[in-house]
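I opened my notebook and jotted down what I looked up, one topic at a time. Here is the structure I was working from.

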Amino acid sequence: MNSQVVKTVKNEMEVYFDAISRNESFARVAVAAFVTHLNPTLEELADIKTAVSEAVTNAIIHGYENFNGYGRHGEQISAMRENPGKVRLKCVLEGDVLHIEIEDKGKGIDNIEQAMEPLFTTKAELERSGMGFAFMEAFMDDLEVDSVPEEGTVVRMKKKLGSSAWIGCEE
């Protein structure tokens, strides 16, 4: 019997960008472009982009308290400011498994368990729904959050691509 060893191909990318709201869409597109060669389904791409969007938005709004661009219905909020902080986005593909890390060096999370509860928000005045971590957990296969108050937060997510069951017609 001829057995072949299949080596898992590993590919990575890492980018840093300013913690401002307009870069949230950049992060979504960067990750989508990074996995394109695996020919993910539209649903997989939507899941990944939503999870990345939530994690980056959390870094900007909660980590750096940069509210600019996230006001209620275009209103100016007196506390709006742009923080000069950076967000780090790292993606690693190991075969068909995507690993994503989104990190900020902001204020950190005092109580991770509470922060991950659906509907919990510290920014109700911005009409935040408190569903960011719930969406990340729902759309990805694995979610891990590490945070140290006054040092920052790292969100790690994992998704296996191509694992969706094919739904066909009965014959």
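**Aromatic pairs**

I looked for aromatic pairs and found that the structure holds two; rings of Phe, Tyr and Trp (its six-membered ring) pair if their centres lie within 6.5 Å, with planes under 30 degrees apart called stacked, over 60 edge-to-face and the rest tilted. Phenylalanine 17 and phenylalanine 26 have ring centres 5.8 Å apart and planes at 80°, so I noted this pair as edge-to-face. The rings of phenylalanine 135 and phenylalanine 139 have centres 6.0 Å apart and planes at 20°, so that pair is stacked.

A note on what I'm reading: this is a predicted model, where local features need pLDDT of at least 70 and side-chain atom pairs count only at pLDDT 80 or more, while totals for chains, interfaces and linings use all residues. Residues are numbered from 1 along each chain as its sequence is written, and side-chain values use heavy atoms, with hydrogens and water left out.

Next I checked burial (buried is under 20% relative accessible area, exposed over 50%, partly exposed in between, with a 1.4 Å probe and protein chains only). Phenylalanine 17 is buried at 5%, whereas phenylalanine 26 is partly exposed at 38%. Phenylalanine 135 is partly exposed at 31%, and phenylalanine 139 is partly exposed too, at 26%.

Where do phenylalanine 135 and phenylalanine 139 lie? I found both in helix α4 (residues 132-139), four residues apart, about one turn of the helix. Helices (H or I, at least four residues) and strands (E, at least two) are DSSP runs, numbered from the N terminus.

**Threonine 153**

I then went to threonine 153, which is found in strand β5 (residues 152-160). Is threonine 153 buried or exposed? Threonine 153 is buried, with a relative accessible area of 7%.

The side chain of threonine 153 makes a polar contact with that of serine 147, at 2.7 Å. For a polar contact, I count a pair of N or O atoms within 3.5 Å; within protein, one must be able to donate a hydrogen and the other to accept it, and residues adjacent in sequence count only if both atoms are side-chain atoms.

I also listed what threonine 153 touches (heavy atoms within 4.5 Å). Leaving out residues up to four places away in sequence, the neighbours include Ile102, Glu103, Asp104, Val145 and Ser147.
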